[in-house]
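Subject: Structure handover

Hi,

Here is the structure you asked for. Please open it next to this note and follow along.

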Amino acid sequence: QVQLVESGGGLVQAGGSLRLSCAASGTVFSIGTMAWYRQAPGKQRELVASTISGTSTKYADSVKGRFTISRDNAKRTVYLQMNSLEPGDTAVYYCNADVYDYRWYNYWGQGTQVTVTD
């Protein structure tokens, strides 16, 4: 069974930084796309950033220039460095990954809360 375990969320003032981590554990033969999504209260879950190999990345317009996604394939881990945080970034952040464990399947992490205060 594959699990995605997130860490690094918390409370920060506007203008501050946080780094989220998400590690895949279990039977993992290969990992394809890794991504971060977020869901604010009363809103739909949205894609924040994604990376296929670590060199190919995509960002939501609202976070471009402030957030950076990266991955360490040896550690089966994806990171999200979040700088210049704004109150509008407050949400539960979810890790997502396509994992091959005898077949390709899409997995979600349990979510980590990020709260940005004025």
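Leaving aside neighbours within four places in sequence, which residues is R66 in contact with? This is a predicted model, so please read everything below as computed from that prediction. R66 is in contact with Q81, M82, N83, S84, L85, E86 and D89. R66 itself is found in the loop between β6 (57-59) and β7. Its relative accessibility is 11%, so R66 counts as buried.

Salt bridges

One of those contacts, D89, is also a salt-bridge partner of R66. The N to O distance there is 2.8 Å. D89 sits in the loop between β8 and β9, and R66 in the loop between β6 and β7. The two are 23 residues apart, and the pair links distant parts of the chain. D89 is buried, and so is R66.

The side chains of R38 and D89 meet in a salt bridge at 3.0 Å, N to O. R38 lies in strand β4 and D89 in the loop between β8 and β9, so this pair ties together parts that are 51 residues apart in sequence. Both R38 and D89 are buried.

These bridges belong to a network. R38, E46, R66, E86 and D89 are linked in it. The salt bridge count for the structure comes to six.

Another bridge joins D101 and R103. Their closest N and O atoms are 2.7 Å apart. D101 is buried, with a relative accessible area of 9%. R103 is partly exposed, at 41%.

The core

Now the nonpolar residues. In soluble globular proteins, nonpolar side chains tend to be buried together. The largest nonpolar core here has 30 residues. Within it, W36, V48, F67, L80, M82 and Y93 touch the most other members. The elements that give two or more residues to this core are β3 (18-25), β4 (30-39), β5 (46-51), β7 (67-72), β8 (77-82), β9 (91-100) and β11 (112-117). β9 gives the most, with five residues.

Leaving aside its neighbours within four places in sequence, M82 is in contact with G16, S17, L18, L20, R66, F67, Y93 and V114. Two of these, F67 and Y93, are also in the list of core residues that touch the most other members.

The disulfide

The structure holds one disulfide. C22 and C95 form it, with their sulfur atoms 2.1 Å apart. C22 lies in strand β3 and C95 in strand β9, so the pair ties together parts that are 73 residues apart in sequence. The torsion about the S-S bond is about -80 degrees, so the disulfide is left-handed. Both cysteines, C22 and C95, are buried.

The surface patch

F29, Y100, Y102 and W104 form a nonpolar patch on the surface. Together they have about 510 Å² of accessible area. Y100 is found in strand β9. At 31% relative accessibility, Y100 counts as partly exposed. Y102 is found in the loop between β9 and β10 (104-108). Y102 is exposed, with a relative accessible area of 63%.

Backbone points

Y102 also has a positive phi, near 85 degrees, in a residue other than glycine. S84 is another such residue, with phi near 50 degrees. S84 is found in the loop between β8 and β9. Its relative accessibility is 41%, so S84 counts as partly exposed.

G10

Where is G10 found? G10 is in strand β2, residues 10-13. At 25% relative accessibility, G10 counts as partly exposed. Not counting residues up to four places away in sequence, G10 touches L18, Q113, V114 and T115. L18 and V114 are also in contact with M82. The C-alpha atoms of G10 and R45 are separated by 19 Å, and the two residues are 35 apart along the chain.

Best wishes

Notes
Residues numbered from 1 in each chain as written. Predicted model: local features only at pLDDT ≥ 70, side-chain atom pairs only at ≥ 80, totals over all residues. Heavy atoms only, no water. Core = buried A, V, L, I, M, F, W, Y, C linked by side-chain atoms within 4.5 Å. Buried < 20%, exposed > 50% of the residue type's maximum accessible area, 1.4 Å probe, protein only. Helix = DSSP H or I, 4+ residues; strand = E, 2+ residues; numbered from the N terminus. Contact = heavy atoms within 4.5 Å. Disulfide = S-S within 2.5 Å. Patch = residues over 30% accessible without salt bridge, like charges linked within 9 Å, V, L, I, M, F, W, Y side chains within 5 Å. Areas by Shrake-Rupley, 256 points an atom, 1.4 Å probe, with all protein chains shown as cover. Salt bridge = Lys/Arg side-chain N within 4 Å of Asp/Glu carboxyl O.
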